[in-house]
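Got a new structure open and wondering where the labels come from? Let's go through them one at a time.

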Amino acid sequence: MLAVNPDTAMHCIVIVPNRSLSVTGWWLFYASIAAATLTPGIWFTLNGFWPVLAYAILEMLLLGLCLHLCWRQGRYGEVITVSSSQVFVDKGDGHHLEHREFSRYWAQLVVHEPCARLHPWRLYIRSHGEECEVGRCLTGAERATLEQRLAQLIGPLGKTGFN
Amino acid sequence: MHNTAVAHAHHAEHPNGIWRWITTTNHKDIGTLYLCFSLLMFFVGGAFAMLIRAELFKPGMQLMDPLFFNEMATLHGLVMIFGAIMPAFVGLANWMIPMMVGAPDMALPRMNNWSFWILPFAFILLLSTLFMPGGAPASGWTMYAPLMLQTGTAFPFTIFAIHLMGISSVMGAINIIATILNLRAPGMTLMKMPLFVWCWLITAYLLIAVMPVLAGAVTMELMDKYFGTSFFNAAGGGDPLLFQHVFWFFGHPEVYIMVLPAFGIISEIIPTFSRKPLFGYTSMVYAVASIAFLSFIVWAHHMFTVGMPLAADLFFMFTTMLIAVPTGVKVFNWVATMWRGALSFETPMLFAIAFVFLFTIGGFSGVMLALVPADWQYHDTYFVVAHFHYVLVTGSAFAIMGAVYYWLPKWTGHMYNETLAKWHFWLSVISINVLYFPMHFLGLAGMNRRLPDYPVQFTDLNQVVSIGGFVFGVSQLLFVACIILCVRGGKKAEAKVWEGALGLEWTLPSPPPYHSFTEPPAANLIWAHPYQND
């Protein structure tokens with residue numbers, strides 16, 4: 001999802017994935033389904049059928065892992081700020097934050113083709129041998145929109161498309 | 001050096017040929033795989049049913065020995081439940097849920113691929129037991145101990161196949177839950193979701209809750225046979241009857257797992273062809289949730305004849321009858337949606353109306369079976385067979401067929417042949433009643449299920465039933481013909497295929513692009529497609 005600051009002096013693009021599950025919702029859902037799954041498991045275990053509980057615990061771990069991965073992906077975000085002379089990229093998932101700065105004059109937009117056919121193409125900002133990927137959580141069409149927008153903001157010199 | 005245009009063009013491509021289908025993580029491709037697989041299994045399970053009906057055409061033994069008859073009955077049940085009905089609903093969920101909630105794809109696409117590709121191996125394993133020493137499992141789809149333990153070489157293979165099917169179902173359910181909870185478009189609140197999505201969310205919840213119970217039950221059978229335990233062995237202190245409790249704690253919610261998505265489909269089709277919003281959206285959601293809750297506390301109505309205490313009999317009788325209340329709410333709401341609507345009777349609507357009428361017949365015979373004294377009479381007779389086939393064939397399978405006709409133009413970009421489809425519908429609906437309705441009378445007269453022979457006085461009705469079965473089987477070839485013709489060509493379908501259709505999926509072109517919503521749909525688009533009339 002893209003959001004652009006209308007301020008013309010300093011352009012700011014905020015990129016966050018669409019996430020409709022809140023933390024409270026996550027816990028409510030997980031607690032309710034764990035109760036529905038583990039209660040019969042415990043009841044069967046008390047009656048001697050312990051394998052049911054073993055499978056229930058395994059399944060809850062798998063569900064928890066999958067929901068956690070989805071939720072963690074949803075916490076990822078990027079802020080690309082383009083000033084008159086610099087391009088700043090801040091990105092991370094709340095735990096690991098990364099800050100990069102590039103000279104706007106020298107910054108280039110680079111597209112890397114995927115190594116396999118099913119993998120997505122990637123968009124990088126590059127300058128002086130350093131690269132920083134942007135738009136990682138976007139779909140292809142959204143990334144193409146981002147690439148066009150950045151090309152406008154960074155300037156014609158920046159759009160060279162090296163690999 | 002590469003320019004950006006090259007990369008974008010590259011990204012718009014997707015692999016073709018066999019690798020597309022093996023490696024795909026696209027929800028539409030995987031939905032198509034599920035639906036094709038389920039159609040194949042529908043014919044495999046149907047072929048087993050044809051053999052059963054051929055044997056029962058006359059009293060005495062004609063075509064097969066009793067063991068093989070029971071193998072056919074067992075495999076027919078397992079293949080139809082785990083191979084045809086459930087994968088068909090998962091296929092529909094894969095195709096439609098991301099489009100309905102405004103997501104680009106499923107939340108866990110790689111897991112989606114695995115959850116499908118486990119299935120063919122599971123069924124190859126299951127069907128290969130036909131060629132093993134001792135034959136395929138012959139204990140019925142319920143796999144009751146100790147009968148199941150008498151299975152020959154096929155026993156561990158069957159258990160492993162059941163585990164694989166369970167793993168596939170659980171992974172599919174997790175994916176659906178993650179997609180619905182996490183990837184809804186902005187503005188798509190829970191109470192704005194289409195009923196199909198709601199029904200699937202609750203179904204996935206049920207699947208996750210009960211699949212460990214099935215896995216535990218069949219693992220305990222495996223341990224009893226190979227590891228010296230005595231979970232269900234009376235000689236070792238176990239109790240074979242308790243297998244039935246464990247199994248039906250899974251088995252009854254499983255019935256609703258196969259019916260709730262059908263409720264969702266019917267709740268999509270009827271408003272479209274009535275050109276009215278669904279009557280009582282909120283009550284429909286609560287009714288589905290109530291049915292799901294009640295499904296956990298009714299399991300022993302499958303076991304009234306085992307000699308439970310009177311208090312248990314009464315408890316399970318009353319809770320079972322209670323299910324008629326939310327089910328009645330749903331039937332009332334569907335009828336109220338049609339009331340004074342501008343109805344038209346395209347094939348999906350015909351299947352939906354047949355569903356409402358015939359599923360209600362199955363529901364009524366279910367209420368009869370819920371009565372303990374009556375159940376003592378009906379138990380293990382063809383009355384039960386008639387009951388659950390009215391629920392699962394004229395219920396679930398008819399809903400799936402209606403859904404295929406409803407969404408096929410969206411999937412393929414072509415309209416199906418309406419004349420051929422109506423032939424399919426009328427042949428199916430007539431033959432299915434010829435097939436299943438006389439089973440009620442056979443059951444009431446005392447004909448037992450799962451037996452390859454019967455007293456001569458049941459001959460006439462059995463011949464009628466078998467003829468109905470053969471006609472129903474053959475008429476399904478028209479369904480395949482309709483699908484193939486529609487995939488190959490036909491009149492171009494518009495984005496909004498049906499005049500009265502509601503929902504985000506109809507805002508996409510027909511066929512939809514490889515990635516459904518590359519941008520979340522605007523909130524006003526969601527609000528412009530109301531599911532509630534209040």
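This is a predicted model: local features need pLDDT of at least 70, side-chain atom pairs count only at pLDDT 80 or more; totals for chains, interfaces and linings use all residues.

Q: Is the crossing of H2(A) and H7(B) left-handed or right-handed?
A: The crossing of H2(A) and H7(B) is right-handed. A crossing gets that label if the near helix is turned clockwise from the far one by less than a right angle, and left-handed if anticlockwise. As for names, residues are numbered from 1 along each chain as its sequence is written, while chains are lettered from A and ligands numbered from 1 in the order in which they are written.

Q: What makes H2(A) oblique to H7(B)?
A: Helix H2 (residues 50-75) of chain A and helix H7 (residues 195-226) of chain B pack at about 140°, and their axes are 8 Å apart. That angle makes H2(A) oblique to H7(B). The cut-offs are under 35 degrees for roughly parallel, over 145 for roughly antiparallel, 65 to 115 for roughly perpendicular, and oblique for the rest. Axes here are lines fitted to C-alpha atoms, for helices over the stretch in contact, with angles running from 0 to 180 degrees between N-to-C directions.

Q: Which residues make the contact of H2(A) with H7(B), and how do they divide into nonpolar, polar and charged?
A: Among them are A:Pro51, A:Tyr55 and A:Glu59 of H2(A), and B:Met211, B:Gly216 and B:Thr219 of H7(B). Being in contact takes C-beta atoms, placed from the backbone, within 7 Å. The residues divide into eleven nonpolar, two polar and one charged. Nonpolar covers Ala, Val, Leu, Ile, Met, Phe, Trp, Tyr, Cys and Pro; charged covers Asp, Glu, Lys and Arg; the others, Gly among them, are polar.

Q: Why is H7(B) called roughly antiparallel to H9(B)?
A: H7(B) and helix H9 (residues 260-274) of chain B pack at about 175°, with axes 7 Å apart. H7(B) is therefore roughly antiparallel to H9(B). The contact includes B:Trp198 and B:Trp200 of H7(B), plus B:Phe263 and B:Glu268 of H9(B). By class, that's ten nonpolar, three polar and one charged.

Q: What about H15(B) and H16(B): why are they roughly antiparallel?
A: The axes of H15 (residues 382-412) and H16 (residues 418-444) of chain B cross at roughly 165° and come within 8 Å. H15(B) and H16(B) therefore count as roughly antiparallel to each other. Their crossing is left-handed.

Q: How do you know that chain B agrees with a compact globule?
A: With 534 residues, a compact globule would have a radius of gyration near 24 Å, and chain B agrees because its value is 23 Å. The radius is taken over C-alpha atoms, and the rule is 2.2 Å times the number of residues to the power 0.38. Chain B has 18 helices and zero strands; helices (H or I, at least four residues) and strands (E, at least two) are DSSP runs, numbered from the N terminus.

Q: What makes B:Met143 buried and B:Asp380 partly exposed?
A: B:Met143 has 24 C-beta neighbours inside 10 Å, so it counts as buried. B:Asp380 has 13 inside 10 Å, so it counts as partly exposed. Buried takes 20 or more other C-beta atoms within 10 Å, exposed 12 or fewer, and partly exposed is in between, with C-beta atoms placed from the backbone. Buried residues make up 54% of chain B.

Q: Why is B:Thr319 called partly exposed?
A: B:Thr319 has 18 other C-beta atoms within 10 Å, which means partly exposed. B:Thr319 lies in helix H11 (residues 310-322) of chain B.

Q: What is the phi of B:Met143, and of B:Asp380?
A: B:Met143 has a positive phi of about 55° although it is not a glycine. Phi of B:Asp380, also not a glycine, is positive too, near 60°. Most residues other than glycine have a negative phi.

Definitions and conventions:
Two residues are in contact if their C-beta atoms, placed from the backbone, lie within 7 Å.
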